[in-house]
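Reader: I am new to this structure and would like to be taken through it. Could you begin with the overall arrangement and then turn to the details?

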Amino acid sequence: MKETEIQTERHETEFLQACLDAGKRILQMKDVVIVHHFDADGLSAGAIIFSAMLKNGVAPAMVCWKKTTLENVLALKQRKEKQVVIADLAYNPLLVEHLKEKEVIILDHHEIDPTPIPENFTLVNAHSYGIDGGIEVSGGGTSYLAFRNYKELSQLALVSAVGDTQDKD
């Protein structure tokens, strides 16, 4: 789904397929930097993506952010990598404005900004499929679903869920 609208109907099957499709595209990337959040969820999400890529012969660069700021986005824009995978950081207009020359895939679970998604972006977010990313799936969970064929990475998804307090109920 390209929409930034939150769906009221649940579409779990489509969400799972979107995750798998994004994972396949990520595994085809060769010139990539992974940008992830700095908390347990984001670190786990980044580690899942990095591990899956490493198993496929690519050692991507990694960058850890506390939040998406203009300074961070401008630094990312200046990087040599042409492809960016963002994990556990919300879709943000700053990314759209400054990353026009890069291919961007975002795996996330936060509320969605209504900024239209440009052609060079792919956003996979639970909210787009009627799933509450606040309590039903973490950033690491979304990343794991993209690479769920690597069962050994499921432990990192559990760390991310607990680290994001997805276990509070």
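This is a predicted model: local features need pLDDT of at least 70, side-chain atom pairs count only at pLDDT 80 or more; totals for chains, interfaces and linings use all residues.

Reader: Let us take strand 1. Why is it described as largely enclosed?

Author: Strand 1 covers residues 32–37, and six of its six residues are buried, so the strand is largely enclosed by the rest of the structure.

Reader: Which of its residues point which way?

Author: Val-32, Ile-34 and His-36 point one way from strand 1, while Val-33, Val-35 and His-37 point the other way; all are buried. In a regular strand, side chains alternate between the two faces of the sheet.

Reader: How many bridges join strand 1 to strand 2?

Author: Five bridges join strand 1 to strand 2 (residues 61–65), and the two run parallel. Within this pairing, Ile-34 has Met-62 of strand 2 as its bridge partner, and Val-33 stands opposite Ala-61 in strand 2.

Reader: How does the chain get from strand 1 to strand 2?

Author: The chain passes through helix 2 (residues 40–55), forming a right-handed β-α-β crossover.

Reader: And what of strand 1 and strand 3?

Author: Strand 1 and strand 3 (residues 83–87) pair in the parallel sense over five bridges. There, Val-35 stands opposite Ile-86 of strand 3.

Reader: Which residues have the most contacts inside the largest nonpolar core?

Author: That core has 30 residues, and those with the most contacts inside it are Phe-15, Ile-26, Ile-49, Met-53, Leu-107 and Phe-147. Two or more residues come from each of helix 1 (12–28), strand 1, helix 2, strand 3, strand 4 and helix 5.

Reader: What does Phe-147 touch?

Author: Leaving aside residues up to four places away in sequence, Phe-147 touches Gly-23, Ile-26, Leu-27, Ile-48, Ile-49 and Ala-52.

Reader: Which residues does the second core include?

Author: The second core is separate and has 19 residues, including Ile-86, Leu-95, Phe-121 and Leu-123. Ile-86 is also the residue of strand 3 that Val-35 stands opposite.

Key: Residues are numbered from 1 along each chain as its sequence is written. Side-chain values use heavy atoms; hydrogens and water are left out. Buried means under 20% relative accessible area, exposed over 50%, partly exposed in between (1.4 Å probe, protein chains only). Helices (H or I, at least four residues) and strands (E, at least two) are DSSP runs, numbered from the N terminus. Two strands pair if DSSP finds at least two bridges between them. A crossover is right-handed if, with the strands pointing away from the viewer, the path from the first strand over the helix to the second runs clockwise. A nonpolar core is a set of buried Ala, Val, Leu, Ile, Met, Phe, Trp, Tyr and Cys residues joined through side-chain atoms within 4.5 Å. Contact means heavy atoms within 4.5 Å.
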